Amino acid sequence: MGYLKKKTGVYYLINAVLVFLLFFVLLNLINNRIINRTSTQILTLICINIILAVSLNLVTGVLGQLVLGHAGFMLVGAYTSALFTMNIGLDLKIAFPISLVLAGLMAAVFGVIIGIPALRLKGDYLAIITLGFGEIIRVIANNLKITNGAMGLSGIKSLSTTKNPSPMFIYAYALAALTVFLMFTFGRSRHGRAVIAIREDEIAAESMGINTTYYKLFTFVLAAFFAGVAGGVFAHQIGVIDPSKFDFNRSVEILIMVVLGGMGSITGSVISATVLTWLPEQLREFSKYRLLVYSIILILVMLFKPSGLLGRYEISIPKFLDKLFARITKKTAKTKTGGA
Amino acid sequence: MHLLLTKDLSIEFGGLQALKDLHIEINNREIVGLIGPNGAGKTTVFNLLTGVYLPTSGAMRLEGNSIIGKKPFEINRSGIARTFQNIRLFKNMTVADNIKVSMHQNMKYNTFSAMFRLPSYWKEEKKVDIKAREFLEIFGMEDKADQLACNLPYGQQRKLEILRALATKPKILLLDEPAAGMNPTETQELMEVIRRIRDQFNIAILLIEHDMSLVMNICERLYVLDYGHLIAQGTPEEIRTNPQVISAYLGS
């Protein structure tokens, strides 16, 4: 098995190189103003949505529990982080990363509070109760003084300026890459196997010594943590947040990204988060029909490919390269023997 | 001391007395059969022993320690593993992963080392991979290790379920109709395998089975249930000639 490990190591390396390459290309394009301000903002939003989709994918795709309140955790994270940077009086460069950690932790705390009672339920019931939770959080934020009610918070400073347009993008990109990496490694470990086993057959999993309650809660809280972090970046990117930005539609939007990409496929979530963030921006004139288009897309996908575009399959560039090289070496070997 | 002991074990579902005053004992390295007509309460016994149901009254002890009120995963960790009557494999996981799930409880690396791929992850994963493949060799299934469990033929799915239960390192193995759906040759092979498992792993086995040739051949003692009551117990010879058992099966 040393062979496999060596190969996995190479795969990791290739992926890391690709991620860095993409990062430097985008960063240079942004810094040289080839990608304009609006497009930079869209890129950042794509990264934020990737974090949200990939983390929801962990609960919905890997654990197999339908959750409709992801925007609620995002709201908790957004307000926590915004209130922290606005009130702490530290330099934003230091305050922002701290605020993101706090955002994640706060969302995780809410994840525990809601998860303990909610995860006793399954399927549709869990969906309903998480939906209710998302709405409750929103209504509370709508009525509290500290959150400034329906007016929301404004004047949240962004790290990006006209002179230096890239910092928010750097944060969002790095966090998205980190989230994808962590979700991947989590899924392929003994803990991930336990979670998948629960999805496959909860009774059997418990009979094989898996503490199902613990793992369900853990996964739920982990996803909430990342949603909180995404909310924190989102608040500082947008600059103005109010509870209506985190309503039920937002939760559904994230869920659609997961379902469309394929439940259980991380790369699927990344691709669909990218497309579904970019596309509406291109179709701004038709924004009225966005939800209509969304539902039509969903219906079509459910009709023709119920498991989502990628199903549980993961796209792997290193594997692709591997096959390509194998084919090339085979061909050259053939021509050589043919020549002789 | 008995390995497993139940005393006056009873359970009611609403008004239905599914099991009444069950008293069974199983010793180390014993192969014991649990038989009875359909609906006698055999699987209910398994569900009680593994913590799926909570008994209405009575006691269950594993090596002298009460296991009543423990959750299924705790009971499994204390040494009782089972298979299911209708196969419950993790269908969309590979055959090797099915076994690795069972080994989860004996692995140590934490979530942090898993998520950041620290050396302890690599070390333990490598070890568990080798071990899982060794387990598959018991049934000669090592070449199927990387297939999805749902793609296995029926007989091998049954075998994989037994292996998955064994991988939790049980002291006693509960087999719920292991020969269901197998042809006579496969059943014959299964008998050999059950004996081999007992000798190799030094565990006790309690099995539910309708195939009388299998039961009479490999079980050292039998318990017979009918309508939730224990109607007979003893060696296969005694059971074969017991008038109560015959009337339960054939009607009087």
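Analyst: In this predicted model, twelve residues of domain 1 of chain B are in contact with nine residues of domain 2 of chain B. On the domain 1 side of this contact, the elements that supply two or more residues are strand E7 (172-176) and helix H7 (184-201) of chain B, and H7(B) gives the largest share, with four residues. By residue type, that side of domain 1 divides into eight nonpolar, one polar and three charged residues.

Domain 1 of chain B is made of two stretches, 1-79 and 169-252, while domain 2 covers 91-167, and the centres of the two domains, taken over C-alpha atoms, are separated by 27 Å.

Strand E7, which contributes to the domain contact, also belongs to a sheet of chain B, in which six strands are arranged in the order E6-E7-E8-E3-E9-E10, with mixed pairing, and the sheet is open. Its edges are formed by strand E6 (80-82) and strand E10 (229-234) of chain B, each of which pairs on one side only, and from one strand to the next the twist averages 20°. At the E10 end, strand E9 (residues 221-226) of chain B runs antiparallel to E10(B) and is joined to it by five bridges; B:Val224, for instance, has B:Ala232 in E10(B) as its bridge partner. Helix H10 (residues 243-250) of chain B packs on the sheet, where it touches E9 and E10 of chain B, and its direction makes about 130° with that of E10(B).

Taken as a whole, chain B contains ten helices and ten strands, and its C-alpha trace spans about 65 × 40 × 35 Å along the principal axes. A compact globule of 252 residues would have a radius of gyration near 18 Å, so the 19 Å of chain B agrees with that expectation. Buried residues account for 43% of the 252 residues in chain B, and of the contacts in chain B between residues at least 6 apart in sequence, 66% join residues at least 24 apart.

Chain B also has a contact with another chain, in which 24 residues of chain A meet 30 residues of chain B. On the chain A side, helix H6 (167-187), helix H7 (190-200) and helix H8 (202-207) each supply at least two residues, with H7(A) giving the most, seven residues, and the residues of that side divide into eleven nonpolar, seven polar and six charged.

Technical notes
Residues are numbered from 1 along each chain as its sequence is written. Chains are lettered from A and ligands numbered from 1 in the order in which they are written. This is a predicted model: local features need pLDDT of at least 70, side-chain atom pairs count only at pLDDT 80 or more; totals for chains, interfaces and linings use all residues. Two strands pair if DSSP finds at least two bridges between them. Axes are lines fitted to C-alpha atoms, for helices over the stretch in contact, and angles run from 0 to 180 degrees between N-to-C directions. Two residues are in contact if their C-beta atoms, placed from the backbone, lie within 7 Å. The radius of gyration is taken over C-alpha atoms; the globule rule is 2.2 Å times the number of residues to the power 0.38. A residue is buried if 20 or more other C-beta atoms lie within 10 Å of its own, exposed if 12 or fewer, and partly exposed in between; C-beta atoms are placed from the backbone. Ala, Val, Leu, Ile, Met, Phe, Trp, Tyr, Cys and Pro count as nonpolar, Asp, Glu, Lys and Arg as charged, and the others, Gly among them, as polar. Domain bounds come from an automatic or database domain assignment.
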